[in-house]
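Here is a short report on one protein chain. Look at the fold before reading on.

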Amino acid sequence: MDQKTGGELLVDALERHGADRVFCVPGESYLAVLDALHDASIPVTVCRQEGGAAMMADAHGKLTGKPGICMVTRGPGATNASAGVHVAAQDSTPMILFIGQIERAMREREAFQEVDYRQMFGGIAKWVAEIDQADRVPEFISRAFHVATSGRPGPVVLALPEDMLVETATVAQPPAWQQVETHPGLTQMAELQKRLWAAERPIAILGGSRWSEDAVAAFTRFAERFDLPVACSFRRQMLFDNLHPNYAGDVGIGISQKLLARIKASDLVLLVGGRLSEMPSQSYSLLEIPASDQQLVHIHPDPEELGRVYRADLAINASPTAFCKAVEGLQPPVEIKGTGEAARAHEDYLAWSGARPETPGPLQMAAVMDWLEANLPEDTICTNGAGNYATWLHRFHRFRRYGTQAAPTSGSMGYGLPAAVAAKLAFPEREVICFAGDGCLQMTMQEFGTACQEGANIIVLAIDNGMYGTIRMHQERTYPGRPSATKLVNPDFAALARTYGAFGATVETTEDFGPAYAAARASGKPAILHMKLDPEAITPAASLSQIRAAAQAKQ
């Protein structure tokens, strides 16, 4: 067995554990790792800013279920990357962040760019550690993969002292990581069947991570047998076919009022995989805390999540993949008490999402969404960050298949563009479309250069209304007629795309959109369509002036 440096041992470990790709911004603090990557089989994507790199790693983890790998330098690099670590924490995404660190002998002197990463990331990462010895690198990497993926998945942060990375050691690599499953017990499944048999108005809400295509298919068969209405949690709409007759809609921001009433009137809520946190719970008003009026069956892979906020009548510690295998054995009663409820819930969803309100201006986003629905393949991956613009995607797009959505439940701006780059690199044969507001896009706009360098032919819809629209909307609701710090003066996004050698086009009317999108698709290049939206078209339901007038009337 040969002597190897800590950097070489780290890269060997990543190869052993099947890392698909490394997203990084290079730094002198981990040169030994970069050198080892030169001869490795793992592709390396060079990003423009560490926040974008970390968001790419998160998106890779979301879409593949395997830890996304990010590498950054110490101090400023690590603080920039924290934005992506926070997304991974709140979104339950497996991710590993490696940070170059000062030499071991310099610690506790406030050396150049020194940070105590245990303290810095301790509140948002599942595990934070520093690898002090080269011969322990394989041990730490193995543990990192298991921690990032077990229970409730999340980010792991490992600091790499610069001198440790050039230290040599002779040590064997452990076997590759394996997913640790938690399975429901037979008595729990029997109890669930009894509760379902007795329920008259049950509903399921799917969320969280650790799903798979097979798990989604199994749950669909289960819902069909029990005639069960199924809703999806905030930005998890890909967990159930939106055109399936059992689909009831999404439980998120701007929820359908009929779906909201249906959940409140239900006598059994089956919460699978999710936490029902602030956004899907409508600011924790959907269910009573700690004990709800409805029966609650909560299935979650992390035992610490069960009972933390909601006291379930039946708590099942199981991953969604294991639970969905188990529900294949459940049988419906001879006569289902709530027959027809799923169909009625789906009709309500179709009526709500099918409404096409006219908004101010010559560019109608509802019509844009209609064009996309008619022309996008079912396996298209849609990404977005945060902002009112995302409402058009969430409400009007029909997610048909698992693995087609990458969006931050944490509500992080800037996520859509780096997520789209990661999605296209992971699935180059599939179409990838990024929805981004003008404010959201400019949080990580530089990563369009990463897309161009990698040949990641994404299509970005830059939806420009000249302001931080969500904040402006809230200002008008709370302080009508007093906008402050929300106006944006923006570049010509289409021209900016062309400076990268990419495709750029401007869309000012509804009629412009279809030809522009078709041309972007045909270009074979990364593309930005600069969508000039009237500032008044702030939501599908109300204009900015209407929101202001309603607020003034209350004063």
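## A glycine in a loop

Where is the place of G254? G254 sits in the loop between β11 (247-251) and α10 (257-265). Helices (H or I, at least four residues) and strands (E, at least two) are DSSP runs, numbered from the N terminus. This is a predicted model, in which local features need pLDDT of at least 70, side-chain atom pairs count only at pLDDT 80 or more, and totals for chains, interfaces and linings use all residues. Residues are numbered from 1 along each chain as its sequence is written, and side-chain values use heavy atoms, with hydrogens and water left out.

Is G254 buried or exposed? G254 counts as exposed because its relative accessibility is 54%. The cut-offs are under 20% relative accessible area for buried and over 50% for exposed, with partly exposed in between (1.4 Å probe, protein chains only). G254 and R201 are 53 residues apart along the chain, and their C-alpha atoms are separated by 23 Å.

## A cavity and a pocket

Rolling a probe the size of a water molecule over the atoms shows where empty space is left. The search uses a 1 Å grid over the protein atoms alone. A cavity is a set of points where a 1.4 Å probe fits but cannot get out. A pocket is an open set with protein on both sides within 12 Å along at least five of seven lines. Lining residues have an atom within 4 Å of a point. Grid points are joined across faces, edges and corners, and a volume is the space filled by probe spheres set on the points.

The whole structure holds three cavities of 30 Å³ or more. The second largest cavity has a volume of about 60 Å³. Its lining includes D250, I255, K258 and W352. β11, α10 and α12 (341-354) each give two or more residues to this lining, and α12 has the largest share, four residues. By class, the lining of this cavity has six nonpolar, two polar and four charged residues. Here Ala, Val, Leu, Ile, Met, Phe, Trp, Tyr, Cys and Pro count as nonpolar, Asp, Glu, Lys and Arg as charged, and the others, Gly among them, as polar.

The second largest pocket has a volume of about 500 Å³. It is lined by 33 residues, and K62, T64, G65, W211 and Y402 are the closest to its centre. Helix α3 (50-64) and strand β16 (405-406) each supply at least two lining residues. α3 gives the most, with four. The lining of the pocket has 10 nonpolar, 13 polar and 10 charged residues.

## Buried parts

Q101 belongs to strand β5 (residues 95-101). Q101 is buried, because its relative accessible area is 2%. A polar atom of its side chain lies 3.4 Å from the backbone oxygen of V115.

In helix α17 (residues 447-454), the buried residues are E447, F448, G449, T450 and A451. Among the elements that cover them are α3, α15 (416-426) and β18 (459-464). After α17 comes G455, with a positive phi near 70°.

## Nonpolar cores

A nonpolar core is a set of buried Ala, Val, Leu, Ile, Met, Phe, Trp, Tyr and Cys residues joined through side-chain atoms within 4.5 Å. The largest has 52 residues, and L97 and F121 have the most contacts inside it. Another core lies apart from it, with 36 residues, among them V33 and A169.

Technical notes: A polar contact is a pair of N or O atoms within 3.5 Å; within protein, one must be able to donate a hydrogen and the other to accept it, and residues adjacent in sequence count only if both atoms are side-chain atoms. Contact means heavy atoms within 4.5 Å.
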